[in-house]
Amino acid sequence: MMKETVRKLALARRNALTQREIACKSKAIVQRLEPYLKGTIALYRSYGNEVCIDDVHLKSYGLPVVLHDTYMCFRMWHKGCKMKKGAYGIQEPIEGKVLLADELDVIVVPIVAFDEHLYRLGHGKGYYDRYLKQCRALKIGVAYDCQQVEKVPIEPHDVCLDMIITETCIRKKDGALN
Ligand code: ADP
Ligand code: MG
């Protein structure tokens with residue numbers, strides 16, 4: 001299957017979730033995620049039915065700012081931080097320290113589809129593939145179980161994640177499930 005076919009299939013399943021299911025599953029994912037959030041962290045603001053991680057108990061963390069059609073950087077968010085609507089209508093910080101990719105200890109990555117080998121598909125712009133290549137951070141993907149597919153079609157630039165957290169389990173690179 002082509003990437004675009006797999007994206008459509010996984011997005012259709014995610015789009016079928018109710019707001020109630022999203023809230024409940026997101027809460028379970030945040031609970032599993034929190035123990036790993038140590039050091040300098042990069043999160044994201046959810047878009048559509050993406051896993052919502054806004055409720056993590058952190059005072060400050062990096063959020064993506066799209067700089068260019070295909071590049072992004074992360075800027076430190078804090079409570080009361082001035083924000084503005086950026087690419088795709090997503091809120092981005094317009095103040096706060098710009099983080100360097102190698103300053104990050106953990107980066108939490110949104111997912112459209114994933115497979116058991118921890119490969120992911122995004123929306124097809126490659127923002128995270130470009131960014132993750134420069135990072136030494138622990139790469140944690142968050143998704144709902146319904147976004148898992150048999151096999152993600154991969155290309156040489158696709159970056160594999162270290163861990164994927166869903167509402168029912170944590171999948172790690174070495175194949176461990178817990
Ligand atoms: P996504 O990861 O968002 O699902 P793709 O993996 O399909 O998207 O990548 C989208 C585009 O971005 C591709 O055309 C790919 O060539 C380009 N791309 C991704 N990573 C890089 C990179 N590190 N350097 C140059 N181009 C890249
Ligand atoms: Mg990719």
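Asp158 has 10% relative accessibility and so counts as buried, where buried means under 20% relative accessible area with a 1.4 Å probe and protein chains only. Asp129 is also buried, at 9%.

Before going on, the conventions. This is a predicted model, where local features need pLDDT of at least 70, side-chain atom pairs count only at pLDDT 80 or more, and totals for chains, interfaces and linings use all residues. Residues are numbered from 1 along each chain as written, chains are lettered from A and ligands numbered from 1 in the order written, and side-chain values use heavy atoms, without hydrogens and water.

Now the metal. Asp129 (OD) and Asp158 (OD) coordinate the magnesium ion, ligand 2, at 2.0 Å; donors here are N, O and S atoms within 2.8 Å of the metal, or 3.2 Å for Na, K and Ca, and water is not among the atoms, so sites may look incomplete. Asp129 sits in helix H3 and Asp158 in the loop between strands S10 (138-142) and S11 (163-165), so the pair ties together parts 29 residues apart in sequence.

Next, ligand 1. It has 14 residues around it, and Arg7, Gly122, Asp129, His157 and Asp158 come nearest; a residue is near if one of its heavy atoms lies within 4 Å. The shell divides into 8 charged, 5 polar and 1 nonpolar.

Note on methods. Ala, Val, Leu, Ile, Met, Phe, Trp, Tyr, Cys and Pro count as nonpolar, Asp, Glu, Lys and Arg as charged, and the others, Gly among them, as polar. Helices (H or I, at least four residues) and strands (E, at least two) are DSSP runs, numbered from the N terminus. Buried means under 20% relative accessible area, exposed over 50%, partly exposed in between (1.4 Å probe, protein chains only).
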